[in-house]
Amino acid sequence: MPPTEKGTLVLDLAAEGPLSPELVRTVNEFCDRVEDHAENSDSAAVAMVRLHGGENGATGSWPGGDGGIRLVNRWERALRRMERLAAVTVVVLTGRCAGPALDLVLTADYRIAATGATLAPPIDAGHFWPGMALHRLVTQIGVARTRRLLLRAGELTAARSAELGLLDEVTDDIDGVSAARAHEFGGVAGPEFAVRRRLVLDAPTSAFDDALGVHLAACDRALRYARRLAEPEPAPVAALTGGAR
């Protein structure tokens with residue numbers, strides 16, 4: 001893929017293989033980069049994860065390996081960090097994606113795939129892996145569609161994934177579209193977007209009365225943010241003192 005839009009933080013991952021400590025560390029380090037940018041830079045950034053699938057089919061089980069439940073817990077926590085980053089997150093899929101692909105797709109704000117890309121659900125010992133991907137699937141595409149995926153957990157084409165709501169865009173020009181979306185989302189204020197994303201993610205499990213206070217707090221924050229943007233820039237010191245003498 002070509003160089004990305006300025007202000008885009010990129011993570012390239014192989015979308016195959018078992019869950020490993022190295023994978024968890026890589027995702028956490030990427031989250032650190034995005035969080036550091038949000039705290040120390042005045043400019044917005046897009047967090048882009050590019051998943052490169054294998055050419056010979058999406059094989060192998062997930063999580064596979066012998067990491068145990070502690071490693072699974074660390075992975076789920078890393079995904080939760082991705083889901084809450086103070087930046088717009090974009091996932092780009094090419095090739096035949098398996099392994100961590102579905103988990104990372106479901107945490108992203110915007111999902112792009114090449115026309116020939118495929119997405120394999122996580123399968124372990126012949127069954128759909130019962131991780132938090134199941135929870136995200138239900139909240140994002142509904143119980144009925146998730147139930148059908150459980151019964152027929154085969155490899156999904158990009159077109160079928162888009163029909164299910166797992167992907168936002170399928171394209172023959174993956175480089176051009178990725179660059180265009182990075183430019184489009186690059187002006188979005190990450191912390192403000194993160195507040196609204198959190199409201200969306202919490203909505204399916206929040207009662208109206210419980211959500212009201214949180215939404216009012218977000219509205220108050222938005223009003224204060226708008227007032228700050230409307231405030232005039234302070235005059236330079238030289239202008240206030242009549243310039244240098």
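Select R224 to begin: in this predicted model, R224 is partly exposed, with a relative accessible area of 37%.

Next, select D32, E35 and R81. Salt bridges that share partners join these residues into one network.

Move to D12 and R50. Their side chains meet in a salt bridge, with an N to O distance of 2.8 Å. Show strands β1 (residues 8–14) and β2 (residues 46–52): D12 lies in β1 and R50 in β2, so the pair ties together parts that are 38 residues apart in sequence. D12 is partly exposed, with a relative accessible area of 40%, whereas R50 is buried, at 10%; the cut-off for buried is under 20%.

Now select E155 and R96. This pair forms a salt bridge, and its closest N and O atoms are 3.0 Å apart. E155 sits in the loop between α5 (143–151) and β9 (156–157), while R96 belongs to strand β4 (residues 96–97), so the contact ties together parts that are 59 residues apart in sequence. E155 is partly exposed at 35% relative accessibility, and R96 is partly exposed at 32% relative accessible area.

To finish, display every salt bridge: the structure holds 14.

Technical notes
Residues are numbered from 1 along each chain as its sequence is written. This is a predicted model: local features need pLDDT of at least 70, side-chain atom pairs count only at pLDDT 80 or more; totals for chains, interfaces and linings use all residues. Side-chain values use heavy atoms; hydrogens and water are left out. A salt bridge is a side-chain nitrogen of Lys or Arg within 4 Å of a carboxyl oxygen of Asp or Glu. Helices (H or I, at least four residues) and strands (E, at least two) are DSSP runs, numbered from the N terminus. Buried means under 20% relative accessible area, exposed over 50%, partly exposed in between (1.4 Å probe, protein chains only).
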